[in-house]
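Hi there,

I am passing this structure on to you, along with a few notes on what turned up in it. Have a look through it first, and then read on.

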Amino acid sequence: MAKTKELSKDVRDKIVDLHKAGMGYKTIAKQLGEKVTKVGAIIRKWKKHKLTANLPWSGAPCKISSRGVSMIMRTVRNQPRTTREELVNDLKAAGTIVTKKTVGNTLRREGLKSCCARKVPLLKKAHLQARLKFATEHLTDSEEDWVKVLWSDKTKIELFGINSTRCVWRRRKAAYDSKNTIPTVKYGGGNIMLWGCFSAKGTGQLHRIKGRMDGAMYHQMLGENLLPSVRALKRVVVGYSSMTMIQNTRLRQQITGSRRSILRSWSGLVSLQTLIP
């Protein structure tokens, strides 16, 4: 877009003089053959700063036009993991040559900052539906009910996996938006498998699982770790003769058993509740 012709200082002074004489914006514009908007801008500037000369710049002019800023902001909104180098190449293709530092400064002026992407579990649609169903079913449970719940789960911790970080451009309080996170799955590299449990009153025992777990090993682990944890926590939760255990087990990891002296039932259902005497 071509720049509009700048009025000379004499013309601007004349506009102010005519305004002081009581003439309106339209009359001045018609008499001098200028646009009403331009006349109004000059008069407003004179009222605010008491001068008609050009004001000094506060700094170097922006190298990225407003259209270029809109373009890179749109790119970052759609894909927060876009790097500064990729944005520099996009601007170069549009005819604007800038450095990565300039791009970073521009994004920060727009309220974005570069942060490490949070790693969160990769949840499929079935996982989301199961979690929502569980939350809905127990929405009205009292605090007394939750005190009697024991949560257990096992997890794999990577020792030598790929732990590189990726940065995303995001605003404050948007760390866990789906576009700003990196989904993770339970595999890769050397690892250790751990099992643990906790309740509202504290944590239970932590057990390291060695080798491949089968039903017999699972029963043995529960007998050696789960029941002692329940007994210890029941001493903290005075007045309750039983606790409910909620385990987190995927359907393809079903583990069944028949030792009723350990548990009433193990069927591998997600969020299974089992009464522990």
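How much space lies in the second largest pocket? About 290 Å³. Keep in mind that this is a predicted model, in which local features need pLDDT of at least 70 and side-chain atom pairs count only at pLDDT 80 or more, while totals for chains, interfaces and linings use all residues. Residues are numbered from 1 along each chain as its sequence is written, and side-chain values use heavy atoms, with hydrogens and water left out.

**The pocket**

A pocket here is an open set of points on a 1 Å grid over the protein atoms alone, where a 1.4 Å probe fits, with protein on both sides within 12 Å along at least five of seven lines; lining residues have an atom within 4 Å of a point. The volume is the space filled by probe spheres set on the points, which are joined across faces, edges and corners. Eleven residues line the second largest pocket, and Glu-6, Leu-7, Arg-12, Ile-42 and Asn-54 lie nearest its centre. Helix H3 (residues 36-49) gives the largest share of this lining, with four residues. Helices (H or I, at least four residues) and strands (E, at least two) are DSSP runs, numbered from the N terminus. Sorted by class, the lining has five charged residues (Asp, Glu, Lys, Arg), three nonpolar (Ala, Val, Leu, Ile, Met, Phe, Trp, Tyr, Cys, Pro) and three polar (the others, Gly among them).

**Two packed helices**

Helix H5 (residues 84-93) packs against helix H6 (residues 100-109) at an angle of about 100 degrees, and their axes are 9 Å apart. H5 and H6 are therefore roughly perpendicular to each other (65 to 115 degrees). Arg-84, Glu-85, Leu-87, Val-88 and Leu-91 in H5 meet Lys-100, Lys-101, Val-103, Gly-104 and Leu-107 in H6, where contact means heavy atoms within 4.5 Å. Five nonpolar, four charged and one polar residue make up this contact of H5 with H6.

**Two lysines with positive phi**

Lys-50 is not a glycine, yet its phi is positive, near 60 degrees. Lys-173 is found in the loop between strand E4 (167-170) and strand E5 (181-184), and counts as exposed at 84% relative accessibility.

Happy browsing!

Terms used
Axes are lines fitted to C-alpha atoms, for helices over the stretch in contact, and angles run from 0 to 180 degrees between N-to-C directions. Angles under 35 degrees count as roughly parallel, over 145 as roughly antiparallel, 65 to 115 as roughly perpendicular and the rest as oblique. Buried means under 20% relative accessible area, exposed over 50%, partly exposed in between (1.4 Å probe, protein chains only).
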